[in-house]
Amino acid sequence: RIFVMPPRTRYTRDDLLSAALALVRRDGMDALNARSLAHELGCSTQPLFREFDSMAEIKQEVYKRAFDVYSGYINESMSWNMPKYKSTGMAYIRFARDEPELFKLIFMHVRPDGRRGDMKDDPNMNYVAETIMRATGFSREQALSFHLRSWIFAHGLATLLVTDYVDLSDEEISLLLSDQFNALKMLYESRTESGKA
């Protein structure tokens, strides 16, 4: 009698990255290593390194996938029934609430490539700047400056929610974002009038 070994499961890059993203979503980026990913897949570590050169490469690809999830929230927010710029802030905070580990990876973690974050790297920045310019009449330079200050505020709210320091309803978040927008807009307008912008 001949015993035939069952064929080994062949994992694709997509299989491996989907499992890695699932692991990070559940346990955070610090939990992602070769052993934990192999355990997630139910295999040895060998399939990982047939498809990738290193764990650093896997982490970089997971970061990109996490950013794609975040971009999906921004894209979806474009159809929401509220001012366009406000919808991006709401989407940012909703992403933080729905995907706390992915939010931490992108916005509260050293990047896998070691680079410092820069708003110019965000592919959503053109859309954001244009929505501010349409809503306020500001120049692009003013709009980007305005966005940095608004984003610092929204990031603070998102961080407080992700770390369970506060519990705010969507209505409360919406009101806070509106108040911040209106106060900042008045500040920029007064600076423009006084020639300090």
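How are helix 4 and helix 6 oriented to each other? The views below take up this question and then turn to a cavity. This is a predicted model, in which local features need pLDDT of at least 70, side-chain atom pairs count only at pLDDT 80 or more, and totals for chains, interfaces and linings use all residues. Residues are numbered from 1 along each chain as its sequence is written, and side-chain values use heavy atoms, with hydrogens and water left out.

**View 1. Helix 4 packs with helix 6.** Helix 4 (residues 55-77) and helix 6 (residues 100-107) have axes 10 Å apart, at an angle of about 115°; axes are lines fitted to C-alpha atoms over the stretch in contact, with angles from 0 to 180 degrees between N-to-C directions. The two helices are therefore roughly perpendicular to each other (65 to 115 degrees). Helices here are DSSP runs (H or I, at least four residues), numbered from the N terminus.

**View 2. Side by side, helix 4 meets helix 6.** From helix 4 come V62, Y63, A66, F67, V69 and Y70, which meet L102, L105, I106 and F107 of helix 6; contact means heavy atoms within 4.5 Å.

**View 3. A search of the whole structure finds 1 cavity of 30 Å³ or more.** On a 1 Å grid over the protein atoms alone, a cavity is a set of points where a 1.4 Å probe fits but cannot get out, and lining residues have an atom within 4 Å of a point. The volume, the space filled by probe spheres set on the points, is about 30 Å³ for the largest cavity. Its lining is M90, I93, R94, R97, D170 and I173. Helix 5 gives the most, with 4 residues.

Key:
On a 1 Å grid over the protein atoms alone, a cavity is a set of points where a 1.4 Å probe fits but cannot get out, and a pocket is an open set with protein on both sides within 12 Å along at least five of seven lines; lining residues have an atom within 4 Å of a point. Angles under 35 degrees count as roughly parallel, over 145 as roughly antiparallel, 65 to 115 as roughly perpendicular and the rest as oblique.
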